[in-house]
Amino acid sequence: MSAPLDARVLHIGAAVAMAVAVAGLVTSVRTELPVRRPSPVEATAGELPRAPTWADEQRRHHDNRLRHAGNLRAMASARPDLRDAGVVTDAQRAEALERRARNRAYDGAPPTIPHPIAQRDWPNCMTCHGEGMRIAAQTAPAICHTTMQSCVQCHVVSNGPVPGAPPAGALTETNTFAGLDAPAHGERAWPGAPPTVPHPTLMRARCESCHGAYALGLRTSHPWRQSCTQCHGPSAAFDQRPPLAESP
Amino acid sequence: MERRDLLKLAALSAASSLASRRALAQVPSQGAQPPALDPSIAARTGADVVWNKAPCRFCGTGCTVQVGVRGGRVVAIAGDRLAPVNRGLLCVKGYHVGLALYGTDRLTRPMLKRNGRHEPITWPEAIDVIARRVMANPRGFAFYGSGQWTIPEGYAAQKFMKGGLGSNHIDPNARLCMASAVTGYMSTFGVDEPYNCFDDLDHADVVVLWGNNMAEMHPVLFSRLIDRRTRGERVTLIDMTTRRTRTSAFADHVLLFKPHGDLALANGIAAELLRRGTLDRSFVESFCAFRKDKATPDLNGEAMTFDEYRQRVAPYTPERVEQLSGVSAADVRMLADLFSDRSKKILSLWCMGMNQHTRGTAINRMVHGVHMLSGHFGRPGDGPQSLTGQPSACGTAREVGTIAHLLPGGLLVANAEHRRIAEEIWNVPAGRIHPTPGYHTVQMWERFSTAHDRGGDIDTIWVQVTNPAQSLPNLEKLFAPSRAMADKFLIVSDVYPTATVRAADLILPSAMWVEKNGMTGNSERRTQQWFKMVNPPGEARPDVWQTIAVARRLFELGHPGMRDRDGAFLFRMRNASGAEVPAWDWAHFADVNVDEQLFEEYRRFSTHKHKNLAPYGEYVRARGLRWPVVQRDGAWRETRYRFVGGEDPHVAPGRRVQFYHSVTHDDRAQIWFHDHVNPPEMPDAQYPFWLCTGRVLEHWHSGSMTMRIPQLRRAMPNAYVEVNRDDAARLGIRDGDTVTLESRRGSLSLPAWIDGRGAPPPGTVFVPWFDERLMINNLTLDAHDPISKQPDYKKCAVRLVLARRPERTP
């Protein structure tokens, strides 16, 4: 038998198996978590206060009034107790995933910034996002790739910063891109086994950013445990780690 | 069925589909349809998403992205972890590049303008219209492309024009973008393109930015540099700029200079090195010679002695440089201190600031000169490096040579031996290639916009992959007039209804990015390859097919240039068994990998100027390879540093540095002297402000793709004019007021942003050019560099008038 025929048989077999698997996954997973991904043109909220800059921070040291009025750190709520994880319900998870989807074009896209920022100065992102922070109802998640310096090269604001009247013109904004949804669950070897990590871990080195005290519903039931990957295995495929023999 | 069974099944199917792809890999490449899966490890499956590699569609950095495809559509993008350029990181444009395919107003049918309206026609009709225009007047036909042409697309256009029509009227928009860097490299080293590479970003101690807002324009490279600081490394960043930008916020020193002050600064550093005696004598004596312009500046000038150089540069004392450039004498000395210290590795980077410059060739030469004079050359992290703005400005415009005076591989149309080599490879009769360079960009559009009886001898232009109705300078002069002339015919291949498309007589819908196979070359000589992953919308087809189809129609109509020496069609394609494949017929285009066939032919040009390329298959496996790629010990090996012993395979054994393409044929590079000169137009009483134009992080080129990506458009929805705070106070302008900018060529009203994304110094305003509704190039100057012919978009004189204060809602 010739090589092309072998390939075809394999291919058809693979396609059938994939189709069954996908259909199964969709029915078993999707009904559990009806996450709605907004279309890329749906605007995200931008009603939050402007983030401070390093310049603001420096001025604060010289100006007592500012120090009391504007110091975000002073306004922050106390850090939640690690043992107070609460119940993680499916509804909470679904809400969290939907919330995440709102300012991401697809799962894995850098989220847009839901508040105004200083457009030129080096924005002082780390004041709130360094360790994570909660002020009243607003939560600033902790950065999960701490070695990166130029935050605004990937994260842009959700609402335009240009003052004044926008120009008239027929340029259309509609776009039919439909982004990849967030994975629902990791794989478990048996009921009760720790699930594998169902998403890439590249630039997501700090699990607590999404699963820790300042996470909204995606949080872990055991936030006091810090060495996550001791039990939860990342996926070589997601992390683009091919077998060495195949590396170029 | 249990869910875990399903998951196991999914894993199993993923594994078996991998296996089947391995089996497929044994089959000779069968082209682009059905979606050609990368047979290498680059493809991986996660559930039902198939991932594959491609270089990003946007800038010249050449990040590799992983494209996730499901159900025939791109659904996700990830930074490619194995990519040496970006190591898994992308910028906001790169992360959203997949959305560029899905704007709702994609062009899907060929359209011909009849009675002032664009009406749908069939592909055979459209191809026939073009072929008959060419047949009627081959000399009046010009091809205008860009650094966004893939390598095979550019190669097909190049061969069609120079090897087929025997006409050199082909030029890319890279003329507006890279030409001065090219002439700088040519006249300094005798051969184009950076000798060094992005590895320098990992090794430099000091980085000097010559008018380059790297944080916004090359964000991934900027992060590669600046993130070293979080690893505890010391990186000194010197931002030499004409306005404060996001880059300035990271800089140790911000040196604000007056427009054209870079010429004085380069001379100032050189003069101090000579005065102090801290130049690298051994490097200069062993590897350099000195050169100056003739009375009429040209590419190679004339030799001068070291003593003459010393005399001419000496007047540029720090104090005089302060007067000319506005940078303090203390800072000029600080720069001289750095360049005097050879224990530090200094990397100079530049892009449009030095290239879009009426003295662009001069300043490029001078920055190379400062590095060679000081011996900051040849070590990793130590040297001058030009950055590019388009994905294949290097790979296509410069290497394939889709420029009026070039042949592929760095060969020249004016050189009889080079023409002979090209005619040999193309198998066309001797004398087919015209020995005179064709019209450069500004000339081409000037002649297209001039009536035939007044010398406007270009009557048809075919534009592919660019948007000249927005990107040319002085649009009222260079673009608008032809649109009112009945005998001028504009053909445009594009993906969205850009300003150029709307003005076209014939519109051809194109496939873009991963809707076709492709190859590009980034600014560190890295050639990359990708396979088609999704189908183009409607009847959109790849540009390379369009060019070949027109060539075939001309062949059928009897144009003699479309035949080779043996009477066969110029673009003959063969499949693995040697049978001819009619790739010009859309039904058979995918029967063969056209890219591979064209690349393998093009590759034969690459050895003549030591720009050796590897076989197509090597690029399929790799995340790009930097040329020269030479086979050693059975493996194809790339080159990090040209001209450097132990790195470049073309350097003779035992030599530390060898400039083997030296214009003086003695292995020496040239250190040039140029005086400081003022720009051609400067602010005066009537037009008191400098106007600088440029880009912003979110938008790329004319915004035709990025303005259709909601995340990018929302982050930067329209153009604006940055006004200095004091100027605004003086003129009574408030943030958000509509102001009118006027130059001697045109005017434009747009919102004022006081100290916006950038903060210009007093007397300067800045406008980004991405917004097709606010076309700043109606105001810019078409004055250009005498050698590179590249226009200066960075400086002209304007005035500012308060037009309207918007109603403020309480």
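Strand β5 (residues 111–114) of chain B pairs with β6(B) in the antiparallel sense over four bridges; strands count as paired if DSSP finds at least two bridges between them. Across that pairing, Leu112(B) sits opposite Glu119(B) in β6(B). Helices (H or I, at least four residues) and strands (E, at least two) are DSSP runs, numbered from the N terminus.

This is a predicted model, where local features need pLDDT of at least 70, side-chain atom pairs count only at pLDDT 80 or more, and totals for chains, interfaces and linings use all residues. Residues are numbered from 1 along each chain as its sequence is written, with chains lettered from A and ligands numbered from 1 in the order in which they are written.

**The sheet**
- The open sheet has seven strands in chain B, ordered β6-β5-β20-β19-β18-β7-β8, with mixed pairing.
- β6 (117–120) and β8 (170–172) of chain B are the edges, each with a single partner strand, so one side of each has no neighbour in the sheet.
- On average, neighbouring strands are turned by 20 degrees against each other, direction ignored.

**Domains 2 and 4**
- Domain 2 of chain B covers 111–177 + 392–592 and domain 4 covers 689–804, with bounds from an automatic or database domain assignment.
- Their centres, taken over C-alpha atoms, are 32 Å apart.
- Each of the two domains gives 17 residues to the contact (C-beta atoms, placed from the backbone, within 7 Å).
- On the domain 2 side, α20 (468–471) and α21 (475–478) of chain B are the elements giving two or more residues, and α21(B) gives the most, with four.

Definitions and conventions
Axes are lines fitted to C-alpha atoms, for helices over the stretch in contact, and angles run from 0 to 180 degrees between N-to-C directions.
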